[in-house]
Amino acid sequence: MKKILFIIAICISYISTAQNLESKIPDDAKAVVSINGDRLLELISASEFDNYSFAKMLFKEVGKKDSTAVIHSIKDFGFDINSKAYYFYKTTDSINYHTMLINITDRVKFERLISERDKERIEKIGDINILANNSSTTTWNDNMLIASMGDKKKNVDFHEERFKPQVEGEERSYYQIQKEIKEGWTKEHILSIYNLNSSASIVTNKSYLASKDAKAVSSAWINNYGELISGAMSSMYGMAGMKTLSGTGLKSSLYGFKSVVANLYFEEDGMRMSTEMEVSEDWKKIFKKIYKSKMNSNFFNYFNENKALAYMSFSMDMEAVFEEYPTMMANMYGGMLPESREEIQVGSELVSILLDEEAIGELLTGDMLFVLNDFGEKEVTYTSYDYDEDYKRKEVIKTKKDILPDFTLMIGSKKGKFLTKAALLGVKHKLAENKAGYFRVLAPKSEMPFELYTAVKNNILFFTTSEDNISKIVKGNYVNNVGEHQKLIKNNISTFYINGQQLFSKVPASELSRKERDYLQFAQQNFTEAYFKSSKMKGNKMHSEIKINTTTSKGNSLKLMLDFIEVLAQ
Amino acid sequence: MKMFLQKRNRQYKSIKYTFVQLFSFNLQLIVAMHKKGIIFIFLGLLFLCTSCFEIVEEVSFNKDGSGHITLTLNLSKSKTKLNSIMLLDSINDYHVPSEVEIKKQIAETLNRVKQIEGISNLKNTINFNDFIFTFSCDFADTDALNTVVSNFSGKKEAALIQQNKHFNFDKSKNTFTRNYHYDIAKEFKKTKMEDRKVFETASFTTIYRFETPIVSSENLMAKVAGSKKAIMLKVSAQDIIQNKNSIKNQIKLQP
């Protein structure tokens, strides 16, 4: 039952809006997620949500349990769906707490969700009701619900010595004692939240306050990404894992990132998630150098948006990567293996001495653009059998049509002459065929079921499956049409773009089941395009964004997403 | 995580049984010999796409009931997809084995078959260019073949295999019987809809050769060669699944 309540609490939180629960989140919380119900209810009303079949299924499922509740609406859970709901993560040396806070408007309705058997187990402290089991503890009063799951760290076993004396002379096992202690800790943690003063809450944290965005339906804030990951590793692997990370206090900058903020938006024409990561001082300098370059404009001469179902771009300064390599290694592995710090430094600097960074930077500049042009039918061979009149079999080669991708890969290089010499060497060794100004890569069909052509032009090394494309590229008569994409690619370190409508139209429906065809049809009609972009650093922040553009047919993208879930659930 | 693993195990289990039952001895020999190994190695590949594949079972019998069997699993028609899939670690929750893993599993399986009494001259080929895998051996009698099948099945299954001999050459009655005890249609219904695509164009061919002429055959789809000493039966996986046909047959030979 507790699990169900916890799940409901999470579900409810998706359509809740704000009261001042925020001041109940302790200032040492490592991560906070908020669900902005105000915004959600602007996008979809409770009654509209109630009409979805998956919502009805959820209500029915809750009603089926041994509770006295009859659920017809999200409002019947008794939660304040007009208030903001929160999740926060807090950790100690022994336990991680995952805690949900939700406002309650109707305690009686909420209590109907609890089975008669569980009701008998409710403990009361003042006006607070407590229902605990070994996985979670749910508490509530007239105003709010606080549910918490205690997740014991592996290293808590180190306290065995502390617990063992309590077991001696008792029938309870060490594990039972440990379980009870965990429940006790969780209860204590929750009760401390009820009594928390706002001056000791997260609202005093400037980084957290700066991360809030009223337009977002959901926001997440992580105090220190490095610490969070280290903590997760400690939970998974125990102290042995932690020891390698803790030595020099570098764990907070281990991954180069400090605070992380993510916001989710549902807008009229699409859904968007933006992420901002604060980079530590050590890594800031490195990142600034590596990502200072912009993609070579020549790339756009060979980009045609009408022939791009999807693309992926990346732009960095390869010379800077190799120059910064020793520092990166020292930062990363020096922190993880403090006792080997000197060896790592000498080793990485030796590599740096041996490498000619400038030459590597000319061979591979660091610009890359991969374009998925099309999916086309190609004739491929396969082995089958024919049988003579006495049914002795004979191997025969037959042909069939397969759908294969057409793509173009562009890699920045200032060493065109060298690459051409290398290709000619390939011709000598029968690995390539010299065509007029370009080369056909010779590889067994089994290893490469498509034709592949390569050439170097305008400081770009091309690989493409289309002979027509490569021919036009080397002759200089390729017709480009870059549209809005030049801005997207040039202004960002990396991008990943999908033209949904075009891509979905290429999916062969005959290969799909009826259900998959329904999903595809919905996607084709409603999801127009999607992209991910990671922009250059501003100050000590790196910004990235994922956006799925949708049609406006449903009024807003949240309704459209819920409609899609409805299709998936059918 | 536990639920995920349980679900995954159930998937493997369900897939394993459907496949084993569908292709009876062949896959028991080629695939089901190692429960956790080859089964999902091949299935991991096969279930991922609308595949075209064929299995050919060729058996030449001597008068005394001994003989030679060659089994071929030909995935050549799906090689484009398989080549792409082999580049991945996993797809749709199925582990994609590397060439090394496949070779290792096959070698382990063959080692186990070698230990079976009455089995000799074991050979196999692995062709990753066309995705064709063959296995051949001599057998002293059909009991040896059935032992191979039962040896690599669970206790319950092994007992059923012994009861319903999948291969039976009755010298006294001059008959050869190809049989299996599985309810393939029932097992097939347990598989996920998306996994069923694998069987859309799959086929199973059996060719049996004898030293004496064939008098009759119970399976009306089987074709007797002009020499009367060979018989071929090609059945689509769809027909087996829909109970329209099967590879079961009883062949009567001249005394």
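Strand E8 (residues 175–178) of chain B is joined by four bridges to strand E13 (residues 249–253) of chain B, and the two strands run antiparallel. Strands here are DSSP runs of E with at least two residues, helices are DSSP runs of H or I with at least four residues, and both are numbered from the N terminus. Two strands pair if DSSP finds at least two bridges between them. Within this pair, Thr177(B) stands opposite Gln250(B) in E13(B).

The model is predicted: local features need pLDDT of at least 70, side-chain atom pairs count only at pLDDT 80 or more, and totals for chains, interfaces and linings use all residues. Residues are numbered from 1 along each chain as its sequence is written, while chains are lettered from A and ligands numbered from 1 in the order in which they are written.

The pair E8 and E13 belongs to an open sheet of four strands in chain B, with the order E7-E8-E13-E10 and antiparallel pairing. Strand E7 (167–170) and strand E10 (214–217) of chain B stand at the edges with a single partner strand each, so one side of each has no neighbour in the sheet. From one strand to the next, the twist averages 15 degrees, where axes are lines fitted to C-alpha atoms, for helices over the stretch in contact, and angles run from 0 to 180 degrees between N-to-C directions. Strands of a sheet pair through backbone hydrogen bonds, either parallel or antiparallel.

Next comes a helix of chain B. Ala144(B) lies in helix H5 (residues 142–151) of chain B. Is Ala144(B) buried or exposed? Ala144(B) is buried, because 21 other C-beta atoms lie within 10 Å; a residue is buried at 20 or more such atoms, exposed at 12 or fewer, and partly exposed in between, with C-beta atoms placed from the backbone. Leaving aside neighbours within four places in sequence, Ala144(B) is in contact with Ile116(B), Glu117(B), Gly118(B), Ile119(B) and Phe139(B). Contact means that the C-beta atoms of two residues, placed from the backbone, lie within 7 Å.

Chain A has 20 helices and 20 strands. Of its 570 residues, 31% count as buried.

Where the two chains touch, the contact takes 20 residues from chain B and 18 residues from chain A. On the side of chain B, helix H3 (79–85) and strand E12 (230–236) each supply at least two residues. The largest share of that side, three residues, comes from H3(B).
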